[in-house]
Amino acid sequence: MPGDIPEIGIVLQGGMYNGVMRALKLLGLADVWGATRVPLHVLNVTYPLVDADLVAFCATKKAVLVVEEGQPEFIEQALNTILRRADVQARIHGKGALPMAGEYTATVLIDGIRAFIAAAMPALLDEMTPPPDARPLLASETVQALAPVVPPRPPSFCTGCPERPIFSAMTLVQKELGPHHIAADIGCHLFSINPPFNLGTTTMGYGLGASSAAAFQVKAKKRSISVMGDGGFWHNGLLNGVGNAVFNKHDGVVVLVDNHYSAATGGQDILSSRADNATRSTQHPIEDAVKGVGAKWVRRIDRTYDVAKMRDTLHEALTTEEAGPKIIIASSECMLNRQRREKPLFNAAVKRGERMVKPRFGVDEDICTGDHACIRLSGCPSLSVKDSGDPLKEDPVAAIDNSCVGCGNCGEVSEAAVLCPSFYRADIVHNPSGWDRFVSGIRTAVIGWLQRRRDTNRLALA
Ligand code: SF4
Ligand code: SF4
C-alpha cells in the first residue's frame, strides 16, 4: 500500500494489518478507510518470502519497520539477509522498537511505531497527533478504587454454548475424584481455562490437546484428561493425538468437542459438519475416524446439555479398568451458528402469524438461597444477581436476564449437582391459539388464588 512518505515503510504480517492501521490512525498517519501515509508491505503469507517484492518495496527507503509477532524474529532476520544480498541499504527496525514477546495490541503498536519514527525520521513526530492513552486513567485513584468492587469479566463461552456443560460436568467429576491433569487446546473450549471453570493445565497448539498430554498418559492412579475441538481434531489431532494414543497404548481420556463447525474461526464447515455443502464433502462422523485408527473405548454424547450424562461418562472414562485411550465425543451444535441459522426462520414464522414457542429459563427468587453455585458452575452470561427484596435474605438472589437463549444448561447443572430447585422453564408462545389462551386463563386463575391464599398467611413486617 503506497503512502506519501517514501523515506520509510512498514513490512507486516497479514494478521497485524488491523492493529497497525489502528495505531497509524491514532497517530494521525492513516484514516479509517485504509489510506495510510506510511507505505505498507502486507505479507499475505509469511513463508516463503518473495525476495523481489521486498527488495522493490525497500529499495528507495531509508528505514523499514518489521511488525512480526512471536519470537525469534524470523522475518526480520530473513529481510536483513535479502536486502544485504541485493545491496539495499534500508535500515531494518523490528524487535527493539517493538517487544520481543507478547501480543501486539494497538497500544504496543503505537509505542513501537512511534519509537521507529523517532529513530528513523524524527521530523515526522511534529506532524503526528498524540494518541489517546488509557494508562494514566487506569492508574488513577478513582479507577483503582473500583478494582476490588467490579468483578473482572474474562472472555468466555457465548450464551447457551454447548461446551459450557462439558466443563460443568468436568468440574463436578473433579469434585468427586480430585484434580486431574487437563491438557487444553486451541478453540472455543479454551475459555474453560478462565473463571468460573479454571480448568486446563497446559495448552500447546491447535489440535495438540491429546499429544501435548502424551507424557502424562501412562498408567497412573489418576488419568490425564485432554480436550480437542473438532477443527483441531481434523487439522492434525486424529493422527498425532488419537492415533498416537492408540499406538502407544495410552491410558488417558480424550474429550473431542464436536460442535459441528470450526466455530471459533467463524463457523466454517469441516469433515464432520452436519450441513450439506455443495462444494465440500461433509457428514463424516468423528466416531468412525477414531475407531478407524483403532480406538476401542469410544462414547458419543449427542446432547452436551445433559450434564448428568456428561458427568457419568467422564467418571466412567476416568475409572474404567479397560486399557487404551478413552475417547468421549461430546456433540452439540455451536449456539452462535445455531442462532444465526434459526433466528431468521423463527422471526419470519412469527411474522407470518404461525404459533411459535420460545423456551426461557428463570429463577424463583423465593426459593433461591443466594449461594450462587449455579453461576459458579455454569458461568452463563445471562445469569446475574439482583436484590431479593426480602429483609431476611441478605445475599442477592440469582436472576436470568433477557439474553437467555433457553439452552437449559443452568437447570441441568443444578439438577446434576443437586443444587436447588429454583430454576423453572417458561415457554413464550407467539401467536397463541384459542386453546393456549384458555389454558393460560385457567393457570392464571389457579396461581392467582394460591398466591392470594399464601399472602393472607404471610407475616407482615412493619
Ligand atoms: S462460537 Fe459456538 S462453540 Fe464457540 S463459544 Fe460461541 S457458542 Fe460456543
Ligand atoms: S440462563 Fe440458563 S437457559 Fe438461559 S442461556 Fe444461560 S444457561 Fe442457557
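Analyst: Start with helices α1 and α4. G19, V20, R22, A23, L24 and L26 of α1 meet A106, L109, I110 and I113 of α4. Residues are in contact here if their C-beta atoms, placed from the backbone, lie within 7 Å. Helices (H or I, at least four residues) and strands (E, at least two) are DSSP runs, numbered from the N terminus. The residues of this contact divide into 8 nonpolar, 1 polar and 1 charged. Nonpolar covers Ala, Val, Leu, Ile, Met, Phe, Trp, Tyr, Cys and Pro; charged covers Asp, Glu, Lys and Arg; the others, Gly among them, are polar.

A word on the model and its labels. It is predicted: local features need pLDDT of at least 70, side-chain atom pairs count only at pLDDT 80 or more, and totals for chains, interfaces and linings use all residues. Residues are numbered from 1 along each chain as its sequence is written, while chains are lettered from A and ligands numbered from 1 in the order in which they are written.

Back to the pair. α1 spans residues 17-26 and α4 spans 106-120; their axes come within 8 Å and cross at roughly 60°. Axes are lines fitted to C-alpha atoms, for helices over the stretch in contact, and angles run from 0 to 180 degrees between N-to-C directions. Under 35 degrees counts as roughly parallel, over 145 as roughly antiparallel, 65 to 115 as roughly perpendicular, and the rest as oblique. The crossing of α1 and α4 is right-handed. That term applies if the near helix is turned clockwise from the far one by less than a right angle; anticlockwise is left-handed.

Next, α2 and α3. α2 (residues 51-58) and α3 (residues 74-85) have axes that come within 10 Å and cross at roughly 75°. So α2 is roughly perpendicular to α3. D51, L54, V55 and C58 of α2 touch L79, I82 and L83 of α3. This contact holds 6 nonpolar residues, no polar and 1 charged.

Now the strands. An open sheet of 4 strands runs in the order β2-β1-β3-β4, with parallel pairing. Strands pair if DSSP finds at least two bridges between them. β2 (40-43) and β4 (91-93) are at the edges with a single partner strand each, so one side of each has no neighbour in the sheet. Neighbouring strands of this sheet are turned by 20° against each other on average, direction ignored. Inside it, β1 (residues 8-13) and β3 (residues 63-67) pair in the parallel sense over 5 bridges. V11 stands opposite V66 in β3.

A sheet of 6 strands is also open and parallel, in the order β6-β5-β7-β8-β10-β9. Its edges are β6 (202-203) and β9 (297-301), each with a single partner strand, so one side of each lacks a neighbour in the sheet. β7 (residues 225-229) and β8 (residues 253-258) run parallel, joined by 5 bridges. I225 has V253 in β8 as its bridge partner.

Helices lie across this sheet too. α11 lies across β8, β9 and β10, at about 165° to β10. α11 (residues 307-319) also packs with α7 (residues 164-177), at about 50° and with axes 8 Å apart. α7 and α11 are therefore oblique. Their crossing is right-handed.

Terms used
Two residues are in contact if their C-beta atoms, placed from the backbone, lie within 7 Å.
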